[in-house]
Amino acid sequence: MLQFFDKEYPFGWLGVLAAVAPSAEELIYSSNDRGFALHSMRSPQLSRFYLQVAPDEDIAAWPDERIWAELAARLETVPGWSLATGPLVEKGITAMRSFVAEPMQFGRLFLAGDAAHIVPPTGAKGLNLAAFDVTVLTRALDAWYSSGDAGLLDDYSRACLRRVWRAQHFSWWMTTLLHSFEHYDAYDRRLQQSYLDYVCSSEAASASLAENYVGLALS
Ligand SMILES: Cc1cc2nc3c(=O)[nH]c(=O)nc-3n(C[C@H](O)[C@H](O)[C@H](O)COP(=O)(O)OP(=O)(O)OC[C@H]3O[C@@H](n4cnc5c(N)ncnc54)[C@H](O)[C@@H]3O)c2cc1C
């Protein structure tokens, strides 16, 4: 039976590409009372930034100066570290969503990548999942066209879904750990901060995050 699993989050990401060298060698994930922010990089000359905003936010309300001021307010939390700024060459807002179509097959139609499942980008899993689906599907199509064996095609959805659901959970977990939620009271926020502190200070917890972030060998 075909089933759809869907979850929407009460925020989106305002993403910008800036013509400026990254301000750090590593990604910076910031959980801030003003909302989540992410510093990432595309090349030695290009940086990519994200800000948590309302899902229906109007991009016109975010001139470049406001974006840089908000990024600085959320990211410049360590004394002595500051954000390098430059011209913004691209801006856009993406709503956050989780989605799975199960099974990833309908008759002779095989779904792969975002057509079959979507994750909020906090865990950086979407493109990786798409590549895994296509690798599995390519092998199955090769077996079918070279020998008429449908075994791998019949197993395609099962072979992908275990990894898909692990990535769904990891992406949801990273998202709830790092974003601000309007319905959170002071108690909820303290719990969130306590868990973040645990992830950053416990070898076992940080190893678990790293294992999921790099990708588990599930099939
Ligand atoms: C802000 C943001 C940050 C992200 N960061 C990461 C990250 O760091 N790491 C990661 O792994 N993933 C990341 N992702 C997720 C990743 O971009 C997607 O999961 C991935 O691109 C999915 O690949 P896909 O080929 O399934 O779909 P797509 O990349 O969406 O490709 C589908 C293609 O089909 C085309 N198309 C659509 N309809 C038609 C049609 N009718 N006819 C012909 N062509 C059509 C589209 O134009 C598009 O080119 C991020 C996503 C967002 C929104």
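Is aspartate 64 buried, partly exposed or exposed, and what is its relative accessible area? In this predicted model, aspartate 64 is partly exposed, and its relative accessible area is 27%. The legends below begin with this residue and its partner.

**View 1. A salt bridge joins aspartate 64 and lysine 91.** The closest N and O atoms of the two residues are 2.8 Å apart. Aspartate 64 belongs to helix α1 (residues 64–75) and lysine 91 to strand β5 (residues 88–102), so the pair ties together parts that lie 27 residues apart in sequence. Lysine 91 counts as partly exposed, with a relative accessibility of 35%. As background for this view and the next two, side chains of opposite charge can pair when their charged atoms come close. The structure holds seven salt bridges, and the pair shown here is one that meets the cut-off of a side-chain nitrogen of Lys or Arg within 4 Å of a carboxyl oxygen of Asp or Glu.

**View 2. Arginine 74 and glutamate 70 form a salt bridge within helix α1.** The closest N and O atoms of this pair are 2.8 Å apart, and the two residues, being four apart in helix α1, are separated by about one helical turn. Arginine 74 counts as buried at 3% relative accessibility, and glutamate 70 likewise counts as buried at 11%, because buried means under 20% relative accessible area. Both residues also take part in a network of salt bridges that links them with Arg34.

**View 3. The side chains of arginine 158 and aspartate 155 meet in a salt bridge.** The distance from N to O in this pair is 2.7 Å. Arginine 158 is partly exposed, with a relative accessible area of 48%, and aspartate 155 is also partly exposed, with a relative accessible area of 28%.

**View 4. A shell of residues surrounds the ligand, among them Tyr50, Thr94, Asp114, Lys125 and Asn128.** The residues of this shell divide into five nonpolar, four polar and two charged, and helix α2 (residues 126–147) gives the most to it, with four residues. A polar side-chain atom of aspartate 114 lies 2.8 Å from an oxygen atom of the ligand, while a polar side-chain atom of asparagine 128 lies 2.9 Å from a ligand oxygen atom. Glycine 126 takes part through its backbone, where a polar atom is 3.4 Å from an oxygen atom of the ligand. The protein covers 38% of the 1,000 Å² of accessible area that the ligand has on its own.

**View 5. Alanine 124, which is part of the shell around the ligand, has a positive phi value.** Its phi is near 55 degrees, and the residue is one other than glycine. Alanine 124 is found in the loop between β8 (117–118) and α2, where it is partly exposed, with a relative accessible area of 40%.

**View 6. A cis peptide bond joins glutamate 102 and proline 103.** The omega angle of this bond is about 0 degrees, and proline 103 lies in the loop between β5 and β6 (105–106).

**View 7. Leu2, Phe4, Phe106 and Leu109 form a nonpolar patch on the surface.** Together these four residues have about 450 Å² of accessible area. Leucine 109 has its place in strand β7 (residues 109–110), and at 49% relative accessibility it counts as partly exposed.

Technical notes. Residues numbered from 1 in each chain as written. Predicted model: local features only at pLDDT ≥ 70, side-chain atom pairs only at ≥ 80, totals over all residues. Heavy atoms only, no water. Near = heavy atom within 4 Å. Polar contact = N/O pair within 3.5 Å; in protein donor to acceptor, adjacent residues only side chain to side chain. Areas by Shrake-Rupley, 256 points an atom, 1.4 Å probe, with all protein chains shown as cover. Nonpolar A, V, L, I, M, F, W, Y, C, P; charged D, E, K, R; others polar. Buried < 20%, exposed > 50% of the residue type's maximum accessible area, 1.4 Å probe, protein only. Patch = residues over 30% accessible without salt bridge, like charges linked within 9 Å, V, L, I, M, F, W, Y side chains within 5 Å.
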